[in-house]
Amino acid sequence: MDCQQSSGFRVLTSACLLGQPVRYDGQAKGLADPRLAQWEKAGLLLTVCPEVEGGLSVPRPPAELGVNGRVRTEAGEDVSLAFHRGARVALALCQRYGIRLALLKANSPSCGNTRIYSGRFDGQLVVGEGVTAALLRQHGIEVFNEAQLDQLAQALDKTAPAPAAD
């Protein structure tokens with residue numbers, strides 16, 4: 001039984017990359033790339049902020065993912081449950097709409113797909129994945145960041161639905 005709903009959504013996208021002020025500091029990191037505007041206009045993008053979906057406020061204290069797998073604020077508050085809850089919401093959206101591609105914010109403890117902050121609040125980036133990026137990838141969803149728009153565009157072209165026959 002196929003439980004996926006029909007939609008035009010093809011890319012789960014970090015809300016901050018589309019100009020929504022949902023980051024920890026209450027800001028957005030909107031991208032000016034015309035492809036994003038085109039994809040958004042075509043209804044291909046489904047936006048989400050896993051941290052907000054997980055129950056965290058805007059603004060909120062910055063948090064980092066430590067080597068122990070826990071997400072903590074600089075004051076030591078463990079916010080792991082909210083990060084994992086938000087990741088599950090993002091995965092559920094992908095599964096509900098049959099989304100196989102994600103465009104997530106680089107370096108984030110939720111969304112980073114290649115590098116994240118060290119977990120020591122020292123400004124250093126380390127190789128790693130955020131909570132949401134890792135969960136999506138574990139479920140076969142290709143995850144890209146804003147520096148990988150060319151690769152996302154190629155993947156999107158490869159997954160384009162075949163034109164309807166007359």
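Mentor: What follows starts with the helix, then takes up the core, the sheet and a few loop residues.

This is a predicted model: local features need pLDDT of at least 70, side-chain atom pairs count only at pLDDT 80 or more, and totals for chains, interfaces and linings use all residues. Residues are numbered from 1 along each chain as its sequence is written, and side-chain values use heavy atoms, with hydrogens and water left out.

The helix is α3, residues 80-97. Helices here are DSSP runs of H or I with at least four residues, strands are runs of E with at least two, and both are numbered from the N terminus. α3 has 18 residues. Its first and last C-alpha atoms are 26 Å apart, close to the 26 Å expected at 1.5 Å a residue. (The expected span is 1.5 Å times one less than the number of residues.) G98 follows α3, with a positive phi near 70°.

Which residues of α3 are buried? They are S80, A82, F83, G86, A87, A90, L91, L93, C94 and Y97. Buried means under 20% relative accessible area, exposed means over 50%, and partly exposed lies in between, with a 1.4 Å probe and protein chains only. The cover over these buried residues includes β1, β2, α2 (50-53), β3, β4 (71-73) and α4.

Now the core. The largest nonpolar core holds 27 residues. Such a core is a set of buried Ala, Val, Leu, Ile, Met, Phe, Trp, Tyr and Cys residues joined through side-chain atoms within 4.5 Å. L12, V71, F83, A102, L104 and L136 have the most contacts inside this core. Two or more residues each come from β2, β3 (63-65), α3 and α4 (131-138). The largest share, eight residues, is from α3. Beyond its neighbours within four places in sequence, F83 contacts E51, L56, A63, V71, P109, S110 and V131; contact means heavy atoms within 4.5 Å.

A second, separate core has 18 residues, V22, L103, L149 and L152 among them. V22 sits in the loop between β1 and α1. At 14% relative accessible area, V22 is buried. Leaving out residues up to four places away in sequence, V22 touches A15, C16, Q27, C49, V52, V58 and R60. V22 and V52 are 30 residues apart along the chain, yet their C-alpha atoms are separated by 7.2 Å. V58, one of those touching V22, begins a cis peptide bond to P59, with omega near -10°. P59 is in the loop between α2 and β3.

Next, the strands. β2 and β1, both among the cover of α3, belong to an open four-strand sheet in the order β2-β1-β5-β8, with parallel pairing. Two strands pair if DSSP finds at least two bridges between them. The edges are β2 and β8 (142-144), each pairing on one side only. β1 (11-14) and β2 (45-48) share four bridges. β1 and β5 share three. V11 has a bridge partner in each neighbour: L45 in β2 and L101 in β5. β1, α1 (34-41) and β2 form a right-handed β-α-β unit; that is, with the strands pointing away from the viewer, the path from the first strand over the helix to the second runs clockwise.

Finally, N107 is not a glycine, but its phi is positive, about 70°. N107 lies in the loop between β5 (101-103) and β6 (115-117).
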